[in-house]
Amino acid sequence: MKNDENIKSMKLYNDVDRVYNELKEIGKNDSDSLQVNELTSFDQLHYHGTYALDYAIKKIGINSNMLILEIGSGIGGPARYIANKTGASVVALELQSDQHKVAMDLTERCGLAKKVEHICGDFITYNWQGKKFDAIVSWLTLYHIVEHNVLLKNCFNYLKSGGFFYAEDLFSRKQFSEEELYEISKEMYGNYLPDLETYKSEIERSGLKLIDYQDMSEIWAKFTHERNLSYISKKDRHLRVHGKKIYENMNMFYAFMDRCFSQGKLGGIRITAKKS
Ligand SMILES: C[S@@+](CC[C@H](N)C(=O)[O-])C[C@H]1O[C@@H](n2cnc3c(N)ncnc32)[C@H](O)[C@@H]1O
């Protein structure tokens, strides 16, 4: 499924500096200190922002004694929110160096650098040198990773016993054509989209015990549709704040995700598992 395009073919990952345009818009210069809640309308690169994080915090009982690993932490929105809200220590692992750099800057300016450790690396190959986590969490990242079995095996190995695996991820509801798969690999760097049954059985085969899952497909179809319409309706604002190139890139990305979900082939899953 993977093609030769690199991850930057996904337009969401271009122009990471758009965060600084948003900060300027709320009157912050490049060195001002920040509050986590000033960032949450633009630093959450998944669906339903901090509501989704609150759900996970409650579901797996994240608290101040826990060490959490987030796989694919983007510009650090979920990691900062979780650390700030629960007092947990969070290790935020991100593949792309530009996202990682912005994440570190924002975390530092939020005064959270002691609670959130940002690491730039690939979860498939990263050597944790024996470190183990109370929970491994991830939002809208795992579908990028073609080596899904290695990913799950690593999760199993890096969890303490009794630790939780929690992910929000994508799957295939119906089979995609070769052409569609090519487009998906380019526009959303979608490299692993099994059907729901395969998704669940691979979790169980990794040794993790499946606790709960929800098919989020309809809810995320509605979310991505409304996000697309809302972005277009605020075109003048986005052009003023970000300029034409960023507006067009984001517009194309949001429209693509809306189309994929509304056609009924792309699905979303929220899944919780445990290492006994
Ligand atoms: C859609 S973003 C979500 C970011 C963050 N979880 C959030 O919800 O705001 C997915 C992120 O996963 C990262 N990623 C993809 N493959 C990865 C890997 N193998 N190891 C670490 N990060 C990865 C991407 O670079 C991207 O920043």
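Helix axes are lines fitted to C-alpha atoms over the stretch in contact, and the angles between them run from 0 to 180 degrees between N-to-C directions. Helices (H or I, at least four residues) and strands (E, at least two) are DSSP runs, numbered from the N terminus. The structure is a predicted model, in which local features need pLDDT of at least 70 and side-chain atom pairs count only at pLDDT 80 or more, while totals for chains, interfaces and linings use all residues. Residues are numbered from 1 along each chain as its sequence is written, and side-chain values use heavy atoms, with hydrogens and water left out.

Helix α7 (residues 178-187) packs on helix α11 (residues 244-262) at an angle of about 140°, and the two axes are 11 Å apart. This angle makes α7 oblique to α11; angles under 35 degrees count as roughly parallel, over 145 as roughly antiparallel, 65 to 115 as roughly perpendicular and the rest as oblique. The crossing of α7 and α11 is left-handed, a term used if the near helix is turned anticlockwise from the far one by less than a right angle, with right-handed used if clockwise. Contact (heavy atoms within 4.5 Å) is made by E183, I184 and E187 of α7 and by F253, F256 and R259 of α11.

Helix α6 (residues 148-158) and helix α8 (residues 196-205) pack at about 40°, with axes 9 Å apart. That angle makes α6 oblique to α8. The crossing of α6 and α8 is right-handed. On the α6 side the contact is made by H148, N149 and L152, and on the α8 side by Y199, E202 and I203.

Helix α3 (residues 49-60) consists of twelve residues and reaches 18 Å from its first C-alpha to its last, close to the 16 Å expected at 1.5 Å a residue. The expected span is 1.5 Å times one less than the number of residues in the helix. Residues G49, T50, A52, L53, A56, I57 and I60 of α3 are buried. These residues cover an arc of only 150° around the axis, which puts them on the same side of α3; the arc is that of the directions from the helix axis to the C-beta atoms. An α-helix has 3.6 residues a turn, so residues three or four places apart point the same way. On the other side of α3, Y51 and K58 are exposed. Buried means under 20% relative accessible area, exposed over 50%, and partly exposed in between (1.4 Å probe, protein chains only). The buried residues of α3 pack against α4 (77-86) and against the strands β4 (133-139), β5 (159-172) and β7 (266-274).

Helix α5 (residues 97-109) has 13 residues and reaches 18 Å from its first C-alpha to its last, close to the expected 18 Å. Its buried residues are Q99, H100, V102, A103, L106, T107 and R109. The buried residues of α5 pack against α1 (18-25), α2 (36-39), α4, β2 (89-94) and β3 (116-120).

Several residues have a positive phi. Just after α3, G61 takes a value of about 65°, and just after α5, G111 takes a value of about 70°. Most residues other than glycine have a negative phi. D15, which is not glycine, has a positive phi near 55° and lies in the segment before α1. H48 is likewise not a glycine and has a positive phi of about 70°. H48 is placed in the loop between α2 and α3 and, at 31% relative accessibility, counts as partly exposed.

L170 lies in strand β5 and is buried, with a relative accessible area of 0%. The C-alpha atoms of L170 and G267 are separated by 5.6 Å, although these residues are 97 residues apart along the chain. Not counting residues up to four places away in sequence, L170 touches L140, Y143, M188, Y192, L193, Y199, W220, F261, L266, G267 and G268. A255 is found in helix α11 and is partly exposed, with a relative accessible area of 31%. A255 and C120 are 135 residues apart in sequence, and their C-alpha atoms are 29 Å apart in space.
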